[in-house]
Amino acid sequence: MLQQTQVATVIDYYNRWMQKWPTLQALAKASLEEVNELWAGLGYYSRGKRLQEAAQKVVSELAGQMPATAEELQRLLPGVGKYTAGAIASISYGQVTGVVDGNVIRVLCRVRCIGADSSSPAVTDRLWDLANSLVDPARPGDFNQAMMELGATVCTPRAPLCMECPVKQHCRARCRVEKELEFASKRLLGKAAFSCSQAPDIEECAATGSCSLCLPASEPWDSSLGVANFPRRAAKKQPRAERTATCVLERRGPRGEPEYLIVQRPSSGLLAGLWEFPSLALELGLKEKQQREVLLAHVQAWAGEAVARGRLRHVGEVSHVFSHIHQTYVVYSLLLGGDHKTASGRRDKMLERPAFRWVTQAEFQKAAVSTAMKKVWKAFERQICEGRGSGQGCKRKRAANPSRAGQWKVEADGSLPPRQFSLDAFLKAPAGE
């Protein structure tokens, strides 16, 4: 869970996970759906799937015994890389092996004045060599946790607490800062001074100007950064922009309560196996009329009835950034006028479609849905609140009473009557103004 995620975010998820599955055997018996439900909102969902796969392998193929060395952990368990293997082996089994995560990278690069791109193979290999040589053989697990904690709380990316650092006397980046300040002050006084820029960044560097570990010539020392000159990272690739049309499809349930259709995503790829409102990727540049047409065609099969274009209501747009995608969801809503039998009447023609189910609002909140879909739901809910008026509250009560369910009015052309907006909603400035 701590891969790519901060401790503060993980704690609640971890406690719920351990309460539900306290042993490997318990986790191995769980379904992927249960795992996704508990993991929902934590991101990087393949981690949960691989964790369960690893538990199943330990139980079924390794006689319930976890591998005890970093090498075996990485070789035998799916989803376990070099860092995770080193952490488990040192903390749980006392193996004398180092770990290198983002925090440790920052500490070592500053202590050793390694200024090259920290993700390059040369730097990565050097950092692992340093971590393995530094680890305390008597207490490897404690040492590795202390290194990670040092980077997380003291040697932070910005505004590091150098004066509180327990290894500041060993830090070459801090020495470099002091020498640069000394050189700058003497230069202002007109005195000759030794320039750190005339010397290599690290002791072992002999190939000045072509060292694979030093600050690149194209990115010289930046005095405003201080020790934060180290480490340097390659410029992040901008996430690609994508647009997706999403429809919150609503019907009256068998007991008169509103229900919403969710469908399951493919078992591989982004958000694998999670549930979402019916969605369709859009070509960039489509106008709203075209968006409506393609979404309506997509939703038609799910609706189980002929749906007039006018009944498709535009809710708004919701943005969500994944690690490599800037996704914009163009959200619509569609209220079906029939009962629950009508909405599921074409089930026999949908055998090749993804798994789907109708859920209540409470069931949706507990389902294995992504943070992006919860944003979509909030946008939909906000539209309902504005339509009801600020004085009526925002709790959804529509068709909660089966005897009143038939009062949903549909115009002759198949469209729904316009909702009355409150004055606050009417006077509210459009987004972006």
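**Figure 1. R252 and P258 at the pairing of strands β1 and β2.** In this predicted model, R252 of strand β1 (residues 240-252) stands opposite P258 in β2. The two strands pair in the antiparallel sense over three bridges; strands count as paired if DSSP finds at least two bridges between them. Helices (H or I, at least four residues) and strands (E, at least two) are DSSP runs, numbered from the N terminus. Five residues lie between the strands of this hairpin, where G256 takes a positive phi near 90 degrees. Residues are numbered from 1 along each chain as its sequence is written, and side-chain values use heavy atoms, leaving out hydrogens and water. Local features need pLDDT of at least 70 and side-chain atom pairs count only at pLDDT 80 or more, while totals for chains, interfaces and linings use all residues.

**Figure 2. Strand β2 and its pairings with β7 and β3.** β2 also pairs with strand β7 (residues 356-359), in the antiparallel sense and over four bridges. Within this pairing, I262 stands opposite R357 in β7. Strand β3 (residues 275-276) runs antiparallel to β2 and is joined to it by two bridges. The bridge partner of V263 in β3 is E276. Strand β2 covers residues 258-264, and six of its seven residues are buried, so the strand is largely enclosed by the rest of the structure. Buried means under 20% relative accessible area, exposed over 50%, and partly exposed in between (1.4 Å probe, protein chains only).

**Figure 3. Packing of helix α6 against helix α9.** Helix α6 (residues 82-93) packs on helix α9 (residues 140-153) at an angle of about 130 degrees, with the axes 7 Å apart. Axes are lines fitted to C-alpha atoms, for helices over the stretch in contact, and angles run from 0 to 180 degrees between N-to-C directions. α6 and α9 are therefore oblique to each other; angles under 35 degrees count as roughly parallel, over 145 as roughly antiparallel, 65 to 115 as roughly perpendicular and the rest as oblique. On the α6 side, Y83, S90 and I91 meet P140, G141, N144, Q145 and M148 of α9, where contact means heavy atoms within 4.5 Å. By class, the residues of this contact are four nonpolar, four polar and no charged. Ala, Val, Leu, Ile, Met, Phe, Trp, Tyr, Cys and Pro count as nonpolar, Asp, Glu, Lys and Arg as charged, and the others, Gly among them, as polar.

**Figure 4. Packing of helix α7 against helix α9.** Helix α7 (residues 102-111) and α9 pack at an angle of about 80 degrees, and their axes are 8 Å apart. The two helices are therefore roughly perpendicular to each other. N103, V104, R106, V107 and L108 of α7 make the contact with M147, M148, L150, G151 and A152 of α9. The contact of α7 with α9 has seven nonpolar, two polar and one charged residues.

Figure 5. C113, in the loop between α7 and α8 (121-134), has a positive phi of about 60 degrees although it is not a glycine. This residue counts as buried, at 2% relative accessibility. A159 lies in the loop between α9 and α10, and its phi is also positive, near 50 degrees. With a relative accessible area of 64%, A159 is exposed. A cis peptide bond, with omega about -5 degrees, joins F230 and P231. P231 is placed in the loop between α10 (172-188) and β1.
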